[in-house]
Amino acid sequence: FPNDRKLTAMPLLTDTARLRREILPDVVRARWGDGWRIADLHHTVSNYFPEHTCCVSVTLMLTHDECAAHRTWEIIGKTRYDDAGAETYRQMEAFSDEGDADVSYARPIAYQSKHRLLWQERVPGVTLMSLLASHVVDNQVPARVARAVAALHGTSVKSPRRIVLSDLIDRLTAASKVIAAAHPRCEIRLRQIVAILAANSRRLNLSYEGAWHGDLHSNNVLVTPTKVYLVDMDRVSIGPPLAELGSFLAELIGRACLNGEPLDEVQPMLAVAVAAYRQRASWPVSEPDVAWFTASALIHERALRCVTSLKRVRMDTIENLIAVATRIAVGGSVEFAEVAMCDSMEKV
């Protein structure tokens, strides 16, 4: 660091003088036009994934040559090992045109293809993850987020990436094998839930496809008193929209399981989120379909992450996730009663 063999822009991003002299003048001009100059700047590396991506946060103090005006401007730069940032920039421009009262997106500023650098404005707000961790979030926040997700799914933005049902079933099958290998005593229960979901998948309504965020989780959702922002749009895809609603609901359930919280406390959040999503959506949002995608995400996202994160997780957390997924899949609804989850598996 910073001499990453694949991220060739790293020496520029981490050198204040070169960043100010070689990179940022074009970015300032793209947003504010001629006449604005960089009076000062501060920057930090906010995220670094070796040989894959690097993000920097930059705060600029700008002055105008003629009118002596001043402004402070916060931006984020992201470089990748490949040229995918060009497509991300195009899609971010399209999403910026689609923002409304329910959802907003970061403004894309420029893509510097020579350095594989994508620049966007920093958005305000607190991450949904922070709000959930604080335990002071009311049920209206998940409702607002659900409406934002539905608004995204209803946009006209297109993507060359497409996710179909067979992809989701493949993920489910692959995840169950990894989880069973790490925790063999879950193997029979995993086979049961995968079989249930595979059988029930034939009844899903897949007549509508929408724009996916592609990496929807609580750290990519920022909330202010008046707006919900969806950020980090690198994986925009096209697919069945209820799959992402299911991911959102599965994260709420998964957090409760991981923290050992009573599941009846998360139930009102699930109910208001589904109702808000359904209110905004112009496509069918049936309870059995929502249940299917939520149960699936509990396995191939939440339970799998308990294994692959390499963090110490109690075994009963994974068992509870599998039990809740089974209960939701069998019941065809995300409405479930509070039970001793590990024991309930035997009854199912």
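## Thr317 and helix 11

Thr317 is located in helix 11, which covers residues 315-331. The model described here is predicted. With a relative accessible area of 2%, Thr317 is buried, because buried means under 20%. Leaving out residues up to four places away in sequence, Thr317 touches Cys257, Leu258 and Cys306.

Thr317 can also be set against a residue in another part of the chain. From C-alpha to C-alpha, Thr317 and His64 are 57 Å apart in space, and in sequence they are separated by 253 residues.

## Aromatic pairs

Six aromatic pairs are found in a search of the whole structure. One of them joins Phe1 and Tyr48 in an edge-to-face arrangement, with 5.1 Å from centre to centre and 65° between the planes. Phe1 belongs to the segment before helix 1 (10-13) and Tyr48 to strand 1 (residues 36-49), so this pair ties together parts that are 47 residues apart in sequence. Phe1 counts as exposed, at 60% relative accessibility, while Tyr48 counts as partly exposed, at 29%.

The pair of Tyr208 and Trp283 is stacked, because the ring centres are 4.7 Å apart and the planes meet at 5°. This pair links distant parts of the chain, 75 residues apart: Tyr208 is in the loop between helix 7 (187-200) and strand 8 (210-212), and Trp283 is in the loop between helix 9 (267-280) and helix 10 (287-308). Tyr208 is partly exposed, with a relative accessible area of 27%, whereas Trp283 is buried, with 7%. Through ring pairs, Tyr208, Tyr277 and Trp283 are linked into a cluster.

## Charges over Trp32

Two arginines are placed over the face of Trp32. Arg31 lies at 4.0 Å from the ring centre. For Arg71, also over the face of Trp32, the distance from the ring centre is 3.6 Å.

Asn220 sits in the loop between strand 8 and strand 9 (221-223). Its relative accessibility is 6%, so Asn220 counts as buried. A polar atom of the Asn220 side chain lies 2.9 Å from the backbone oxygen of Asp215. Apart from its neighbours within four places in sequence, Asn220 is in contact with His213, Asp215, Tyr229, Leu230, Val231 and Asp232.

Ser237 is part of strand 11 (residues 237-239). At 6% relative accessibility, Ser237 counts as buried. A polar atom of the Ser237 side chain is 3.0 Å from the backbone oxygen of Arg235. Not counting residues up to four places away in sequence, Ser237 touches Ser159, Arg161, Ile163, Gly210, Ala211 and Trp212.

## Helix 5

Helix 5 spans residues 140-153 and has 14 residues. From its first C-alpha to its last, helix 5 reaches 20 Å, close to the 20 Å expected at 1.5 Å a residue.

The buried residues of helix 5 include Val141, Pro142, Ala143, Arg144, Val145 and Ala146. Ala148, Val149, Ala150, Ala151, Leu152 and His153 are also among the buried residues of helix 5.

## Cysteines

Cys67 counts as exposed, with 52% relative accessibility. Cys186, at 1% relative accessibility, counts as buried.

## Backbone geometry

Most residues other than glycine have a negative phi, and most peptide bonds are trans. The peptide bond from Phe1 to Pro2 is cis, with omega near 5°. Pro2 is in the segment before helix 1.

Glu51 is not a glycine, yet it has a positive phi of about 65°. Glu51 is in the loop between strand 1 and strand 2 (53-64), and Glu51 is partly exposed, with a relative accessible area of 32%. Asp232, another residue other than glycine, also has a positive phi, near 60°. Asp232 is placed in the loop between strand 10 (228-230) and strand 11. At 28% relative accessibility, Asp232 counts as partly exposed. Asp232 is also one of the residues in contact with Asn220.

Definitions and conventions. Residues numbered from 1 in each chain as written. Predicted model: local features only at pLDDT ≥ 70, side-chain atom pairs only at ≥ 80, totals over all residues. Heavy atoms only, no water. Helix = DSSP H or I, 4+ residues; strand = E, 2+ residues; numbered from the N terminus. Buried < 20%, exposed > 50% of the residue type's maximum accessible area, 1.4 Å probe, protein only. Contact = heavy atoms within 4.5 Å. Phe/Tyr/Trp six-rings, centres within 6.5 Å; stacked < 30°, edge-to-face > 60°. Lys NZ or Arg CZ within 6 Å of the ring centre and 35° of its normal. Polar contact = N/O pair within 3.5 Å; in protein donor to acceptor, adjacent residues only side chain to side chain. Expected span 1.5 Å × (residues − 1).
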